[in-house]
Amino acid sequence: MPVTNQPVYASKAKPWLAFYDPKYRDMPAPDCTAFDYVCRQNKGHLSDAALSYYGNTITYAALMVNVKKTAAALRAAGVAKGDIVTAVSVMTPELIYLFYAADMVGATLNLIDPRYSPEGIHEYIKEAGSRMLVCMNLFYDKCHQAMRRTTVEKVLVFSPSESLRGPMKLAYNAANPDRNRYASNVVNWKQFIEAGKGASTASEPFDPDHSCVMVHTGGTTGSPKGVLLGDVAFNALAQQFAAYEVVFQRQQKLLNVMPPFIAYGYACGVHLPLSLGITVVIIPNLDPAELGKLVLKYKPAHMFGVPAHYQVLAADPRLRKKDLSFVLNFACGGDAISLGAEQAVNDFLSSHGAPYPLAKGYGMTELCSAATAAAGARNKPGTVGLPLPATVVSIFEPGTEVELPIGARGEICISGPSMMQGYYNKPDETAIIMRRHADGRVWIHSGDIGYMDEEGYVFLDSRIKRMIIRHDGFKIFPSMIENVLSTHPAVRNCSVVGCADKDHVQGRLPLAYIVLDPHCEKKKRQIIRELRAMCADELPEYALPVGYKFIDALPLTPVGKVDYLTLEGQITPQDY
C-alpha cells in the first residue's frame, strides 16, 4: 500500500520543544505573588542593582524594603484586598513599588495612560470604582478634573524627583517647581510613607484568582477593554524567558523604554528582568531621537521595544562605527516588522559587533504580552519566534475550533499559563476570545492570521481586521506586499492598507504608503516604476497595489504602533 503523509498538528507534536532544555518544558508556574517570586529569585543577591534611575542605583534589598513600606502605607490609607487603585503615571521607581505593594495587600493596580483626556481618565476611574487615585504631579490638574463625580476619596501624588539624589534632585525641583493647588484629600509621597509606619508589611496569602493589574487594550479589536492579569501570568512569563539562559544573565542591564500602562511595558520591561536578577534602567518618557545616546550611555544587553525604535537606532549617526557587542537581546514586539526593515536592523547590528540579530516576539495584552520569542541563536528571518516552553500555539480555521495542520494558514490561537483572567466586567466579550475547546484546553483566539513551520517557528501575516478582501473574494495580507516593498533600498518604511474599489460596489484594494530615504526624494517617479516592477515579479496579480502614496513618516499610536486607521482616513480618490 502506498505511504500517505498524515497531517501533523502543533497542539500534539509541539516541535518547538526540541529547542528547549527539558527542565523548562513541564515546569509548573510559580504559585506565589509576583513580589514573592522576585524575592525568591534574588535571595542571596540583595546587594545587586535592581533599578537605575538617573544615576541613582536601587539594590534588590532597597527595592524589597521600599515595596514593604509602600504596602504598609496602602494599608494605612485603607486599601484592602479586592480594591482597585487607579494610577496615572509614567514609569518611575514609585510606580514599581506600588505595583508590587498593591499585589501584597491583595489590591489591583488600574494603570492608565496619562495622555488620555480628563474625560477618558474619568471613565476608567468610574469603571473600576476606585476609592484611591495615584498620580504623578505633572498630571494632577487633569486627574483632578477626571475624578469629579467618581468614587475617589483619597489622592496620592508623587513627583518624578522622589527617587533622584543630591544635586540632580535639587536641580530638577528648582527647574520644575510644583505649582499645583492640591485639594484637601491629597497626600504627597513622603506623607503617604510616613503614615504607613506601624502598619503591617505582611503579604496577603497567595490567591490564584487575584488580579495584580488591570491594563487596557487599545481598542484595535473592538472597544477598549480592561484586561485582568494575575500573579501566575506574570511569573510564568518570566520563568519561560529564563529558558533563554544563554541570553539572560544576572546583573545585565535592560533599558526600560515601554510605558507602564501596557502589559508589554510591565511584564517584559519590569517583572521579567527583576525576576532574572537584571538591572532595570528606567527611562520614564522616551524621546526616540535620543535612543542612540541612551544605548551608548548605559550599554544595555536588553531592550524590549517596537519596530520604530530599532529603525531609529539603525539610522542614528551617533552610532556610526560604535561597538555594540554588548547588545544581546534587543527585542521587537507590539507591531509587525517587514522583512526589509528587519534585514536593515540586522545588518546594522551585525556591522556594529552585536552577536545576535534582532530578537522578536508575538503576543497580546490578553497573554501578558508574549507567547513566542526569537532570541539569541533561536531566530529565523520573517518569523515571530518559537512558542515559549510552557505555551502551546496552533493554527485554527478562523473563528472555529477546527485545528489546522502545521504549514496551513489560519487564525493563531494560544494556550498557556500567561493568559489573562478575563476582561473586567465583560464576561460576554471574554467568552468570545477565551474558549474551552473539546481538547479541554482554554485557547485565546488572537484574531491574527499566520502559520507555523515544521520546526515550530510562527509566521504572522496580519490581523484579520487588516486583511484586504477584494470584490472577487481574494484575500490579501498587507504583510505580503510590505515584505516586497521594504526590500527596495530607497524605502525607509512602508505600510499597506485597504482602499475602496472604484469599479465595484463591494471589496477593497491594496494601497501602499511609502516613507523614502531622504536622499531619494527627487526620484519618486523612477522609484514607483521600480516598485511596480518588483511587485509584478514577486506578487500574484490580484495582490498588486493600486497606488503608491509618499508620506514623510508613518503615523503612530501612543505606544508606537503604526496607526492604520489614520492612514486609511488619509486616502483620497486622487491617490489611485
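This is a predicted model: local features need pLDDT of at least 70, side-chain atom pairs count only at pLDDT 80 or more; totals for chains, interfaces and linings use all residues.
Colleague: Fine. How many bridges join β10 to β11?

Modeller: Helices and strands here are DSSP runs numbered from the N terminus (helices: H or I, at least four residues; strands: E, at least two). Two strands pair if DSSP finds at least two bridges between them. For β10 (253-256) and β11 (279-282), which run parallel, the number of bridges is 4.

Colleague: How many residues of α10 are buried?

Modeller: Buried means under 20% relative accessible area, against over 50% for exposed and partly exposed in between (1.4 Å probe, protein chains only). Helix α10 is largely enclosed by the rest of the structure, because the buried count is 13 of the 13.

Colleague: Which residue in β12 is the bridge partner of Leu-254?

Modeller: β10 is joined to β12 (302-305) by 2 bridges, and these strands run parallel. In β12, the partner of Leu-254 is His-302.

Colleague: Which strands stand at the edges of the sheet, each with a single partner strand?

Modeller: The open sheet has 9 strands with mixed pairing, in the order β2-β1-β11-β10-β12-β13-β14-β15-β16. One side of each edge strand is left without a neighbour in the sheet because each has a single partner; the two are β2 (56-59) and β16 (386-387).

Colleague: What angle does the direction of α4 make with that of β1?

Modeller: β1 (49-53) pairs with β2 in the antiparallel sense over 4 bridges. Helix α4 (93-104) packs on the sheet, touching β1, β2 and β11 (contact: heavy atoms within 4.5 Å). Axes are lines fitted to C-alpha atoms, for helices over the stretch in contact, and angles run from 0 to 180 degrees between N-to-C directions.

Colleague: Is Thr-33 buried or exposed?

Modeller: Thr-33 is found in the loop between α1 (10-13) and α2 (34-41). Leaving aside residues up to four places away in sequence, Thr-33 touches Asp-103, Phe-206, Asp-231 and Asn-235. Because its relative accessibility is 3%, Thr-33 counts as buried.

Colleague: And the sheet of 3 strands, order β25-β26-β27: how many degrees does the twist average from one strand to the next?

Modeller: That open sheet has mixed pairing, and its twist averages 30°.

Colleague: Which residue in β26 does Val-496 stand opposite?

Modeller: β25 and β26 (508-516) pair in the antiparallel sense over 9 bridges. Opposite Val-496 is Ala-512.

Conventions: Residues are numbered from 1 along each chain as its sequence is written. Side-chain values use heavy atoms; hydrogens and water are left out.
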